[in-house]
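Please walk me through this structure.

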Amino acid sequence: MNPPLTYTMSPLDRAVMIRGDLARVQALLTGGNARILPMWNQQHLVDEEPRLRFLTYEEAATASILSDAALVFLGLADETPWFALGLPNTDAPPDFAIRGTFKTPADVVALLPGEEASLMAYARAMILWHQNHRHCGRCGAQTDMTEAGHSRTCTSPACGNRTFPRTDPVVITLITHRDKSGEEKCLLGRQAKFPPGMYSCVAGFVEAGETLEAAVRREAAEETGVVVGDVRYVASQPWPFPASLMLGFRADALTTEIHRDDEELEDCRWFSKADLRNAGERDSNGPGLKLPNRFAIARFLIEGWLAT
Ligand SMILES: [Zn+2]
């Protein structure tokens, strides 16, 4: 049985009804119980274990970091309110030495408890959205944070346009085919930027006006030349780098000949289950086939297929 997907185990009630009540959010922030997750230069505060470290309101206020930072109300875990704090991207990290160090998700995600990795992803997605949407897409005026960080509103009275945190859907698909001898194989490709030997599932952004199923078929055709028939949804995974939602599918190939038209992949092959069972981990040394990290949905799809 597959372990749960990384980034999908948030312990929070998002408490949507509270967001619009500024006085209530302020009371949750200052009430002595708040846990504040800071992000600086796309890095997150962790201790040595590593576990996610949070600041209390008092610590954040003492460090004078609340005034020019983006503070987002994330929700409640039992009665505990959680916030994300987007610090200015200064050259030197803020001085939280006693409480931990700033690390990238790649440095810590494999080691964090699932609930903490999910909190980190949610906080990260919200802060990156604020940092990338300071101006109105309609009129170009500045925007201000509204609804405790869950929307931004244009400051031009003539405009008043309101925008919401965006999520960019990406389809990622394990394509399989059973040959005449009855052996099942799956189609994996590699981008030039992957570590040597690593292959992964076919993936790409969903385009405007397109269904998920059409996106699966289009990406398969563009990247591999393989024609895909039946498409089945498996699972989804938030992927805040910066704003993706990975939508995992299984699909049946109608053809097997490979040609790489868009050159996004530098190689693409059919692999047997035995090939994949003998493969190494993404970051392992040595030659041979390697699989994506265990926290990626690509690996989840592969392991699910191997288990059948
Ligand atoms: Zn505007």
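In this predicted model, the side chain of Glu219 makes a polar contact with the side chain of Arg218, at 3.1 Å. Glu219 sits in helix α5, which spans residues 212-224.

How accessible is Glu219? Its relative accessible area is 7%. The cut-off for buried is under 20%, so Glu219 counts as buried. Look next at what surrounds this residue. Leaving aside residues up to four places away in sequence, Glu219 touches Val171, Val202, Ala203, Gly204, Phe205 and Thr224.

Now turn to the metal. Four cysteines coordinate the zinc ion through their SG atoms: Cys136, Cys139, Cys154 and Cys159. The distances run from 2.3 to 2.4 Å. Along the sequence, these donor residues follow the spacing C-x2-C-x14-C-x4-C. Cys136 and Cys159 link distant parts of the chain, 23 residues apart. Cys136 lies in the loop between α4 (114-131) and β6 (143-146). Cys159 lies in the loop between β7 (151-154) and β8 (162-163).

What is the arrangement of the donor atoms around the zinc ion? The four donor atoms subtend angles of 97 to 114°. Four donors count as tetrahedral if all angles lie between 85 and 135 degrees. The arrangement is therefore tetrahedral. For four tetrahedral donors, the ideal angle at a metal is 109.5 degrees.

How values were computed. Residues are numbered from 1 along each chain as its sequence is written. This is a predicted model: local features need pLDDT of at least 70, side-chain atom pairs count only at pLDDT 80 or more; totals for chains, interfaces and linings use all residues. Side-chain values use heavy atoms; hydrogens and water are left out. Helices (H or I, at least four residues) and strands (E, at least two) are DSSP runs, numbered from the N terminus. Buried means under 20% relative accessible area, exposed over 50%, partly exposed in between (1.4 Å probe, protein chains only). A polar contact is a pair of N or O atoms within 3.5 Å; within protein, one must be able to donate a hydrogen and the other to accept it, and residues adjacent in sequence count only if both atoms are side-chain atoms. Contact means heavy atoms within 4.5 Å. Donors are N, O and S atoms within 2.8 Å of the metal (3.2 Å for Na, K and Ca); water is not among the atoms, so sites may look incomplete. Four donors count as tetrahedral if all angles lie between 85 and 135 degrees; four count as square planar and six as octahedral if opposite donors are over 155 degrees apart and all others between 65 and 115; anything else is irregular.
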